[in-house]
Amino acid sequence: MKRLGVLGWPVGHSRSPAMHNAALAHLGLRDWHYQRLPVPPEILAETVASLPASGFVGANVTIPHKEAVLALADEATPDARAIGAANTLTFRADGVVHAANTDAPGLLAALPSSPAGQVALVLGAGGSARAAAYALRQAGAARVAVWNRTPDRAARLAKELEVDAVLRPIDADLLVNCTSVGLDDGEFKALPVAADSLGNYATVADLVYRAGGTGLIAQARRQGCAVVDGLEILVRQGALSLEAWTGCEAPVDAMRDAARGSIPDEHDSGTSHSSDGRTAPGRRAAP
């Protein structure tokens, strides 16, 4: 049995295994299995060290471990080093632990068109925002602007990645939400963009995903924007990880169907998730 998993903490921050297990079944890899690996930070290092001996050939990584596993890896891709975080580990037969970041190329793969020559606005300054800003800059965006509620954080990210920090949202071709706001209709006001201003963005991507879609995605559709939800970005990230581990072309359609089917109804869970596994406030059903 070849084993794969996702390292996260607490349990709710780990993505569902359904997407990868559906892909493995589609590919006929019956001796492969993907599972959750809830790991508190204090035992992360020893857990990573023990995984190869337990039959693991790879693992996805979600919060709060993305930066820590980069430090634990023997090798890392230049992109992971530049972003400062990894979300994919590969355990090689020679004992080397290799780290990569599929957050950045996963975002690009999910977009309806190349961001080359476009102006992009990224909301947030955490790990996902770092990956998004880096990806867009590397893809040739004419300008990448980063906004964060705490301006100093945006300024620090901008300096490190050679993009721009802005004190208020700007009009752009592409808007990418990397904040952890749950964004149901009642929470849309927590964003720094008004519903009637979304028409100023040709494409809106939201790293948050939830049953029925987020308030941001719903409002963007009403304004005629092309939209990309967080689940599609998750699928694209996962596909890249799967291909690295198995050497097979990922069955993206099967992964997407399984991922959509695995999202708990928001009225049952009371939570929403972003594509890097974060949990954000959700809407509970009225009693």
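In which helix is glutamate 232 found? In this predicted model, glutamate 232 belongs to helix H9, which covers residues 230-246.

The protein contains eleven helices and 15 strands. Of its 287 residues, 53% are buried. Among contacts with a separation of 6 or more, 66% join residues 24 or more positions apart. The protein exposes about 12100 Å², and 50% of this area is supplied by carbon and sulfur atoms.

Confidence in the prediction can be followed along the chain. The mean pLDDT of the protein is 88, with 87% of the residues reaching 70 or more. Residues 266-273, however, have a pLDDT below 50, although the model gives this stretch 32 contacts beyond near neighbours in sequence. The pLDDT is also below 50 over residues 276-287, a stretch with 45 contacts beyond near neighbours in sequence. Where pLDDT is low, the predicted coordinates should not be read in detail.

Apart from neighbours within four places in sequence, glutamate 232 is in contact with Ala110 and Arg256. With arginine 256, the link involves both side chains: that of glutamate 232 makes a polar contact with that of arginine 256, at 2.7 Å.

Methods. Residues are numbered from 1 along each chain as its sequence is written. This is a predicted model: local features need pLDDT of at least 70, side-chain atom pairs count only at pLDDT 80 or more; totals for chains, interfaces and linings use all residues. Side-chain values use heavy atoms; hydrogens and water are left out. pLDDT is the predictor's confidence in each residue, from 0 to 100. Contact means heavy atoms within 4.5 Å. Helices (H or I, at least four residues) and strands (E, at least two) are DSSP runs, numbered from the N terminus. A polar contact is a pair of N or O atoms within 3.5 Å; within protein, one must be able to donate a hydrogen and the other to accept it, and residues adjacent in sequence count only if both atoms are side-chain atoms. Buried means under 20% relative accessible area, exposed over 50%, partly exposed in between (1.4 Å probe, protein chains only). Accessible areas come from the Shrake-Rupley method with a 1.4 Å probe; for residues, only the protein chains shown count as cover.
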